[in-house]
Amino acid sequence: QVQLVESGGGLVQAGGSLRLSCTASGSIFSGNAMGWYRQAPGKQREWVATITSTYITRYADSVKGRFTISRDNVMNTVYLQMNSLKPEDTAVYYCNRIYSPYNWGQGTQVTVSS
């Protein structure tokens, strides 16, 4: 059973930065495209960014130019560097495999104050 553990969230003022981490148990990480998602209160979960096994990245238009996804296959960890944060980025952030997602983790709360 793969477990995903997200961390690094917190409260930050608009314009600030945070770096999220997601660690996956097991050694199944390196061959999979991984992604970050977020769910704001009262809204559906939405895709934020993807990084493939060959380090190709894609971003939602709403975060392009501000967020950077990266991965460390040795540490089974995927990161999301978030800069120039906006109040509308407030959400619980999750990571998961892009194709055939695992069970979702608890996520990490990001709150951006104006």
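Modeller: Strand E7 and strand E8 (residues 77-82) pair in the antiparallel sense over six bridges. Strands are DSSP runs of E with at least two residues, numbered from the N terminus, and two strands pair if DSSP finds at least two bridges between them. Within this pairing, Phe-67 stands opposite Met-82 in E8.

This is a predicted model, in which local features need pLDDT of at least 70 and side-chain atom pairs count only at pLDDT 80 or more, while totals for chains, interfaces and linings use all residues. Residues are numbered from 1 along each chain as its sequence is written, and side-chain values use heavy atoms, with hydrogens and water left out.

The pairing of E7 and E8 belongs to an open sheet of four strands, with the order E1-E3-E8-E7 and antiparallel pairing. At its edges lie strand E1 (4-7) and strand E7 (67-72), each of which pairs on one side only. On average, neighbouring strands of this sheet are turned by 15° against each other, direction ignored; the axes behind this angle are lines fitted to C-alpha atoms, and angles run from 0 to 180 degrees between N-to-C directions.

The aromatic rings come next. Rings of Phe, Tyr and Trp (its six-membered ring) pair if their centres lie within 6.5 Å; planes under 30 degrees apart count as stacked, over 60 as edge-to-face and the rest as tilted. By this rule there are two aromatic pairs. The ring centres of Tyr-37 and Trp-104 are 5.2 Å apart and the planes stand at 85°, so this pair is edge-to-face. It links distant parts of the chain, 67 residues apart: Tyr-37 is in strand E4 (residues 34-39), and Trp-104 is in the loop between strand E9 (91-97) and strand E10 (108-113).

Tyr-94 and Trp-104 form an edge-to-face pair too, because their ring centres are 5.9 Å apart and their planes are at 80°. Here Tyr-94 in strand E9 and Trp-104 in the loop are ten residues apart.

Buried means under 20% relative accessible area, exposed over 50%, and partly exposed in between (1.4 Å probe, protein chains only). Tyr-37, at 12%, counts as buried, as does Tyr-94 at 11%, whereas Trp-104, at 33%, counts as partly exposed.

Finally, Arg-45 lies over the face of Trp-104, at 3.9 Å from the ring centre. A charge sits over a ring if NZ of Lys or CZ of Arg is within 6 Å of the ring centre and within 35 degrees of the ring normal.
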